[in-house]
Amino acid sequence: MWLRISAIVMRFFFLHRRSVARVMEIFFWPVMNLIVWGFVTAYLKELALPKTVLFLLGAVILWDVLYRSQQGITLAITEEFWVKNIINIFISPISIGEFLAAICIVGLIKSVVTTIVLGFLAFFFYRFNLLSAGPGLVLFLGNLLLFGWAVGLFTMALIFRYGRAAEALIWGVPFLIQPFSAVFYPVSVLPFWLQKVAYLLPSTYVFEGMRQVLATGVVDVSMLGISFGLNLVYLLLGSLYFSWMLRKVREMGYLSRFHLE
Amino acid sequence: MQQDSTNKSTTDAITEVSQLTKRFNSLTALDSLSFKVCRGDILGLLGPNGAGKTTAIHCILGLVTPTSGSIRIMGLDIARHRRKILARVNFSSAYTALPSNLTVRENLNVFARLYGLKSARVRIDSLLELFEIEATNDSLTGSLSSGQLTRLNLCKAFLNDPEILFLDEPTASLDPDIAAKVRDRLQELQRQRGLTMIYTSHNMQEVEQMCDRVIFLAKGRIVMQGSPAEIIKQSRSRSLEDLFISIARNGHLYQTVDNQEGEPCGSG
């Protein structure tokens, strides 16, 4: 099993090793985001606004974990469509579970690398210490990573079903979630009915928790627990939806048509 | 890799397709298709575009779920033992590609792992040599010519030492010289290893040269089957190419071959 999983991970390592564009894609947008929000934060500090404006930087970095994690797995599968390799993968003895595990590892590696780079840059340019969140940071990151995978599973299922026409979802779906996840503002600023929606998302608890820990130094474990529980539900639903869609795609013969698109 | 098994068994059906039907909404792509492929045979699956050749191969490989019917490969039902079967077969098509931004060796290393080969260096070296593309070892796959790409696809297809090889127009877009070399290599490997091949091609001369048996499909039905010589004689055509044109233009006039159990192995 691990040999087959490592095959897919290795395939993406080889791909990124000599593709400057793909490596830049991991760093470019997150770093640009950090720079813009870093200066906004510096400006807000000049205006003598509370220290909590630093939340913005934390939010930028944590949001990117979710985004990279979702992108890591959806781009991995789309890459196989682009290069007409999907049939070669699907006629090999790799199981869907192994394939998903492999591309989740690819997503994990991308997220970890981006977080480390952004953490360093935030510290050196804006004196923002991500580690000030303490050991709870790992739990924040873990929950966002899991939610990114869950969102990625739903996105991938739609790409399998609708092919290249659905590719825009890779970049679009995370931004559908962002306004309701209270990334840059607390849930309390949302209208009451949207707050209900926000609390259905695991990411909301992470961003609320991050603001709390940066303000008070206290990690609300119960919030992270709810986030983890919701993540398990979404991962289960995502896996079931993906499996169902893959079965439909096999019935409709779309899998064998992707290489013709 | 060079195991000699020229004395192939002709009584052993390695693939059994029974009453295979595939409908896409109102379109019937395969209509109660039944046939057997004997171990060590090269079967040509022929027919005009849209006849159902690729759908049949994709059903056999588990890429497409049939509407009804059964497929048994090496005695195992593909619906239940897909991964076990896929570990022992392989596929090469002119219409699939290996990632262009990986080198030849990187691609083969990835697929070697997918097929469970931990240390594939020697095997990859011997396949690259066999298909005469060892010089491309460190080249990016995207920089290869179409002839080299076809041979790389075949190297991938032989990595797991398959018992059945599915070839979907393997020589399409090749110049006659390279196409002849590819055919020679395939025949050589088939003779040495008793390999079974299921082959689609629009090149009828190639089919006559390569295939022990051919099945002509029209609108998802088998309209003719037998050895190339037999069906040329049976159809009173001058060549397979003439028969192909006739079926392509008048397929609806041909009777469906009543082939519920498939032809028994060893009958030819």
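Here is a short walk through a helix pair, a nonpolar core and a sheet.

The model is predicted, so to speak of local features takes pLDDT of at least 70, and side-chain atom pairs count only at pLDDT 80 or more, while totals for chains, interfaces and linings use all residues. Residues are numbered from 1 along each chain as its sequence is written, and chains are lettered from A in the order in which they are written, with ligands numbered from 1 likewise.

Start in chain A with helices H3 (residues 55–82) and H6 (residues 136–162), which pack at about 35 degrees with axes 7 Å apart. Helices here are DSSP runs of H or I with at least four residues, strands are E runs of at least two, and both are numbered from the N terminus. Axes are lines fitted to C-alpha atoms, for helices over the stretch in contact, and angles run from 0 to 180 degrees between N-to-C directions.

Now the largest nonpolar core: it has 151 residues, and Leu62(A), Ile103(A) and Leu159(B) have the most contacts inside it. Such a core joins buried Ala, Val, Leu, Ile, Met, Phe, Trp, Tyr and Cys residues through C-beta atoms within 7 Å; buried means 20 or more other C-beta atoms within 10 Å of the residue's own, with C-beta atoms placed from the backbone. H6(A) gives the most to this core, 15 residues.

Over in chain B, six strands form an open sheet with mixed pairing, in the order S6-S7-S8-S3-S9-S10. Strands pair if DSSP finds at least two bridges between them. S6 (89–93) and S10 (221–226) of chain B each have a single partner strand, so one side of each lacks a neighbour in the sheet. S6(B) runs parallel to S7(B) (residues 164–168), joined by five bridges; Ser92(B) has Leu167(B) as its bridge partner there.

Methods: Buried ≥ 20, exposed ≤ 12 C-beta atoms within 10 Å, placed from the backbone.
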